[in-house]
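Biologist: I have the structure open. Can you walk me through it?
Modeller: Go ahead and ask.

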Amino acid sequence: MFENDFNQIQAASRPAVFEKYPALYSEEMHFAYDQIDNHISFEYYMEQLRFGISPYLLNRIDLWLREIKLHSKDYFSPYSEIVFAIFRAAIHNSAYREQSQEESRLSRAFVDLSLKFIHDFYITEEQIDTWCFDEFKLPENKFVDLFIKVALFYGTYPGLAYQGVINCFRKVKQMRREEDVRNLFYDLFVQYPVPKSILYNFDVLDKNEILLLAQLLRGKSLREYAFIINLPVHKKDVHYFMHTESDQLIKFKDNVFLRLIIYAKLIRFSENHHLFYRIMNFSKMFSENPLKFYEDLSFWKSFVILQNQTENADGNGLWLDLRSLIDYVEYMRYQETDRTFSLRGRTFISLIRLMNEWHEEQDFASLEKYLESEWSIFYKVELEEYNKDNEIYKIEELNTGRKLSEEGKALKHCVFSYIEDCMKHSSIILGLRKKVNEEFVPWVSFETNGGFILQAYGYKNRDITENEKEIITEWAKMNDVVWEL
């Protein structure tokens with residue numbers, strides 16, 4: 001009888017969130033809920049975790065929460081952020097779920113030691129002041145996610161740490177940014193040359209790429225493990241992969257090794273790193289389907305050679321048209337009905353002329369089916385009647401072929417070439433409108449994908465102003481979207 005009474009008292013003391021998700025309840029979860037500073041986010045992650053949760057995974061989460069429990073009272077400790085990062089790892093990170101018990105124990109010990117020895121490991125007051133915890137925005141500090149991934153790497157490959165972990169922690173002055181975490185990884189593990197771009201994209205490496213990175217850190221050749229990338233890798237490719245770095249590191253969303261090998265294959269035809277940086281940033285095909293980009297590599301080699309022939313290869317003049325030009329050639333190469341577009345016999349100037357003529361026409365008579373197409377609105381919250389410096393703006397989602405066509409005509413850019421992506425919701429195009437003579441007119445177009453704003457441009461692909469970026473940022477906050485520019 002006393003046991004039943006105790007169980008009833010214990011159940012009555014549980015927070016309401018565990019009445020909704022009883023399978024996720026544990027003493028460690030209860031403690032974490034009491035200590036964290038954002039219960040809305042906690043419930044959000046409970047909703048995500050309830051799908052496919054197993055007793056084994058729940059026990060692993062409990063062990064992680066128990067390891068960091070002692071740090072819950074530390075002033076400015078990122079306790080809440082680490083709790084949420086643990087939840088995100090359990091949901092999205094296969095390494096977290098698949099580690100052995102010993103590997104998981106080492107990863108947890110890594111986090112515990114770091115919080116003991118890195119005294120300047122915290123969220124700054126400035127960050128706290130800028131947080132806006134409401135129903136539209138979840139707190140997510142990327143450096144903590146990256147730190148958990150480094151801890152998982154250490155737990156899986158402890159033998160790769162070529163200097164003492166505690167001594168390394170003692171030398172760390174602060175741990176507040178992603179760059180600090182990358183520096184920690186470098187100090188711990190990098191004994192042999194590794195391209196900076198790999199470490200810069202460490203947070204998005206998948207399980208196979210982590211394995212490949214581990215081999216590089218052991219001093220192994222990339223060619224020995226090229227089967228992981230599923231591309232032929234030649235000696236010259238390895239040379240350019242290992243020793244060629246752009247001054248501007250590019251952030252990838254996935255397939256990091258694959259994309260860098262493609263980069264290595266292209267850089268052999270020109271050492272204009274600025275050009276390749278812009279191609280990788282601007283090409284939709286490279287972003288969405290790098291394997292298809294590779295299969296068409298001869299076309300892109302021709303494109304690179306064409307660019308090198310222009311007198312404007314110093315980043316000025318006609319370079320301003322490069323984004324539009326890439327949009328145009330990709331539309332003609334991959335989306336036009338006959339898809340026989342070639343660069344043979346063309347010059348850079350003639351290509352610009354063709355693109356400008358295409359922009360001027362913009363009637364798309366042969367693509368009537370696209371003009372009449374329509375797809376569902378993706379974002380629930382619109383920005384209406386926003387006043388900035390006595391000017392009125394609004395933001396609307398472009399969800400028909402005709403709207404995209406009109407946007408392209410008004411702003412003289414290739415936004416219509418994104419229509420197939422928009423129909424699949426793999427790209428979402430929105431328009432910032434400015435009120436002119438009592439009518440809202442197209443002002444800036446911007447693209448989102450996967451919760452990120454990928455690009456935003458005005459008339460003839462001009463860069464946006466700080467005021468325009470501020471307005472778009474207001475909309476982004478309302479829809480849990482962040483900039484990735």
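Biologist: What covers the buried residues of α4?
Modeller: The cover includes α2 (17–20), α3 (27–35), α5 (55–68) and α6 (79–92). Helices here are DSSP runs of H or I with at least four residues, strands are E runs of at least two, and both are numbered from the N terminus. This is a predicted model, where local features need pLDDT of at least 70 and side-chain atom pairs count only at pLDDT 80 or more, while totals for chains, interfaces and linings use all residues. Residues are numbered from 1 along each chain as its sequence is written, and side-chain values use heavy atoms, with hydrogens and water left out.

Biologist: Which residues of α4 are buried?
Modeller: In α4 (residues 39–49) they are Ser41, Phe42, Tyr45, Met46 and Leu49. Buried means under 20% relative accessible area, exposed over 50%, and partly exposed in between, with a 1.4 Å probe and protein chains only.

Biologist: Why do they line one face of the helix?
Modeller: Seen down the axis of α4, the buried residues fall within an arc of 145°, so they line one face. The arc is taken over the directions from the helix axis to the C-beta atoms. An α-helix has 3.6 residues a turn, so residues three or four places apart point the same way.

Biologist: And what sits at the start of α4?
Modeller: A side-chain oxygen of Asn38 comes to within 3.2 Å of the backbone nitrogen of Ile40.

Biologist: Switching to the sheet. What is the strand order?
Modeller: The order is β1-β2-β3-β4-β5-β6, in an open sheet of 6 strands with mixed pairing. The edge strands are β1 (383–388) and β6 (482–483), each pairing on one side only. Two strands pair if DSSP finds at least two bridges between them.

Biologist: Which helix packs on the sheet?
Modeller: That is α26 (residues 466–478), which touches β1, β2, β3 (428–436), β4 (439–449), β5 (452–457) and β6. The direction of α26 makes about 145° with that of β1. Axes are lines fitted to C-alpha atoms, for helices over the stretch in contact, and angles run from 0 to 180 degrees between N-to-C directions. Contact means heavy atoms within 4.5 Å.

Biologist: How do β1 and β2 pair?
Modeller: Antiparallel, over 4 bridges, with β2 covering residues 391–397. Lys388 has Glu391 as its bridge partner in β2, and Asn387 has Ile392. The hairpin has 2 residues between the strands, and Asp389 there takes a positive phi near 55°.

Biologist: What about β2 and β3?
Modeller: They run antiparallel and are joined by 5 bridges. Tyr393 has Lys434 as its bridge partner in β3.

Biologist: Now Ser283. Buried or exposed?
Modeller: Ser283 has 1% relative accessibility, so this serine counts as buried. Ser283 lies in the loop between α17 (273–282) and α18 (284–288).

Biologist: Which residues does Ser283 contact?
Modeller: Leaving aside neighbours within four places in sequence, Ser283 is in contact with Phe293, Trp300, Ile326 and Glu330. A polar atom of the Ser283 side chain also lies 3.3 Å from the backbone nitrogen of Met285.

Biologist: Last one, for the whole chain. How many residues count as buried?
Modeller: Of the 485 residues, 51% count as buried. The secondary structure comes to 26 helices and 6 strands.

Notes
A polar contact is a pair of N or O atoms within 3.5 Å; within protein, one must be able to donate a hydrogen and the other to accept it, and residues adjacent in sequence count only if both atoms are side-chain atoms.
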